[in-house]
Amino acid sequence: VVHYIGNRVSFWDTFQVARGLSFREGDIASSYNIQSRSAITCPGNSCLWPKSVDGSVYVPYIISPQYDDMDRITIEMGMLDILLETCVKFVPRSHETNFLDIQPRFGSVCWSFLGMTEGPQPISLQSPGCMWSGIVSHELMHALGFVHEQSRSDRDRHVSIMWENIRKGQCQKHNFKKYQTNNLNTVYDYGSIMHYGRYAFSEDGSPTIIPKPDPNTPIGQRDGPSVLDIQKINLLYECGR
């Protein structure tokens, strides 16, 4: 089980500087000329995928032909874990202007932009490093507009960030920044697929995140969306309304 996607990022940030991208929280990409923002609080919901008149949210995608059949099945399973329980429907692109472009990008890394951007929107799912359906679902939730769970505005009531244990090089502490987020009136979800693992960006193998009040609470699973993850998608996109 992969507990934290961001641990794979090493030289990647440096490489992407030349390509006009920056990264925060390990796997959330942004262009340098676009201010980082949380899609769940963007003005007028402009960075959410639009809802159709039939009540579904159709998210068009293309999958690179570089993937083999097993990789495609893994990617489609990650989509299925979301679309079976929500009104979000991932559909192969036909002519849509805005769509997800799923590619095995340079390096053994997994990343996505946050919320809907304009035009072809890359999601990097390298093979074999990112080929778990839970990792696919994680990156798709970023594309739907969700930050990591421990970036929530109320996180300090639920976890302690062990700043002294975070990797010293390349300003890794920025990956633990807290944001003003719309938490959709949901409780903090230690079991979210969007939660960092206990040892994310650790300097020496010591924990960087300790849950409260029980420090032994498991965090950072990548098996699939939790019940609360599904609930949050349905709340954000007003499924059933």
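Predicted model: local features only at pLDDT ≥ 70, side-chain atom pairs only at ≥ 80, totals over all residues.
Student: Which residues does the UniProt annotation "binding site" cover?

Tutor: In the unreviewed UniProt entry, that annotation covers His 138, His 142 and His 148.

Student: Where do His 138 and His 148 lie?

Tutor: His 138 belongs to helix α3, which spans residues 133–144. His 148 is found in the loop between α3 and β8 (159–161).

Student: Is His 138 buried or exposed?

Tutor: A residue counts as buried when its relative accessible area is under 20%. His 138 has 0% relative accessibility and is therefore buried. His 148, with a relative accessible area of 1%, is buried as well.

Student: With which residues is His 148 in contact, leaving aside its neighbours within four places in sequence?

Tutor: They are Glu 25, Asp 27, Ile 28, His 138, His 142, Met 194 and Tyr 196. With His 138 there is also a polar contact between the two side chains, at 3.2 Å.

Student: How are two packed helices described?

Tutor: One gives the angle between their axes and the distance between those axes. Here, helix α2 (residues 69–83) and α3 have axes that come within 8 Å and cross at roughly 60 degrees. The two helices are therefore oblique to each other, and their crossing is right-handed.

Student: Which residues make the contact between α2 and α3?

Tutor: From α2, the contributors are Thr 74, Ile 75, Met 77, Gly 78, Met 79, Asp 81 and Ile 82. From α3, they are Ser 133, Val 136, Ser 137, Leu 140, Met 141 and Leu 144.

How values were computed
Residues numbered from 1 in each chain as written. Heavy atoms only, no water. UniProt positions renumbered as here; feature names shortened; annotations may be inferred. Helix = DSSP H or I, 4+ residues; strand = E, 2+ residues; numbered from the N terminus. Buried < 20%, exposed > 50% of the residue type's maximum accessible area, 1.4 Å probe, protein only. Contact = heavy atoms within 4.5 Å. Polar contact = N/O pair within 3.5 Å; in protein donor to acceptor, adjacent residues only side chain to side chain. Axes fitted to C-alpha atoms, helices over the stretch in contact; angles between N-to-C directions. Parallel < 35°, antiparallel > 145°, perpendicular 65-115°, else oblique. Left-handed = near helix turned anticlockwise from the far one by under 90°.
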